[in-house]
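I set down here what I looked up in this structure, one entry at a time.

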Amino acid sequence: MDVILIVDMQAGMLDGAPKHDLAGVVARINALMAMVRGSGGRAVWIRHCGRPGDGFEARSPGWEFLPALVRAPEDIEVGKTLNDAYAGTGLAAILRDLTPLRVLVCGWATDFCVDSTVRSTVSHGFPAVVAADAHTLSDRPHLEAPAVIRHHNWLWSELIADPPVRVLPAADLLAEAGTP
């Protein structure tokens, strides 16, 4: 069974500069969740729980998941307060109980929470797969978003991991599963 981690795809991310290809990323995440659920896997929603007054404060409008993403009653939710979805949460225990064959990682922000979560997935011994076109961020002061995405996709594919981290476009992951 696969597990897909959807990292911080919350309304608060809409504040500030536009996120690269957000509509496309949302569509690909929805397709990947449908694939995972359709094969008996689980979706795990990672929710950033911010400090009082910030855009991700608990139960504030920014704390809610993007409404365009398709949630299901059997989905699991994990709240976090740091970049790493495993730090101070029960995510590792949840994944150990689910015993996934693969852990797919997608979401926002490529260079912060997604990166930390990919690396921690590897460190916790889970087979990580990154949907190369299902994570996003805004342009950075020194680098445009597409360059950051390309860099991290390359970096993750080069991590020392057993098994190696697979970084594939969502279409390839869907094709592997026989999903159009």
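I take buried to mean under 20% relative accessible area. I also note that the model is a predicted one.

Entry on strand S4. I looked up residues 102–108, which form strand S4, and found the strand mostly covered, with seven of its seven residues buried. In a regular strand the side chains alternate between the two faces of the sheet. I therefore checked each side of S4 against the cut-off of under 20%. On one side Arg102, Leu104, Cys106 and Trp108 are buried, and on the other Val103, Val105 and Gly107 are buried too, which leaves both faces of S4 covered.

Entry on the neighbouring strands. Which strands pair with S4? I found that strand S1, residues 2–7, pairs with S4 in the parallel sense over six bridges. Within that pairing I noted Leu5 opposite Val105 of S4. Strand S5, residues 128–136, also pairs with S4 in the parallel sense, over five bridges. There I recorded Val129 of S5 as the bridge partner of Leu104.

I followed the chain from S4 through helix H3, residues 110–123, to S5, and recorded a right-handed β-α-β unit.

Entry on the largest pocket. Rolling a probe the size of a water molecule over the atoms shows where empty space is left. I noted a volume of about 240 Å³ for the largest pocket. Its lining consists of 13 residues, and Asn83, Trp108, Ala109, Phe112 and Cys113 lie nearest the centre.

Definitions and conventions. Residues numbered from 1 in each chain as written. Predicted model: local features only at pLDDT ≥ 70, side-chain atom pairs only at ≥ 80, totals over all residues. Heavy atoms only, no water. 1 Å grid on protein atoms, 1.4 Å probe; cavity = no way out; pocket = protein on both sides within 12 Å on 5 of 7 lines; lining within 4 Å. Points joined across faces, edges and corners; volume = space filled by probe spheres on them. Buried < 20%, exposed > 50% of the residue type's maximum accessible area, 1.4 Å probe, protein only. Helix = DSSP H or I, 4+ residues; strand = E, 2+ residues; numbered from the N terminus. Pairing = 2+ DSSP bridges. Right-handed = clockwise from strand over helix to strand, strands pointing away.
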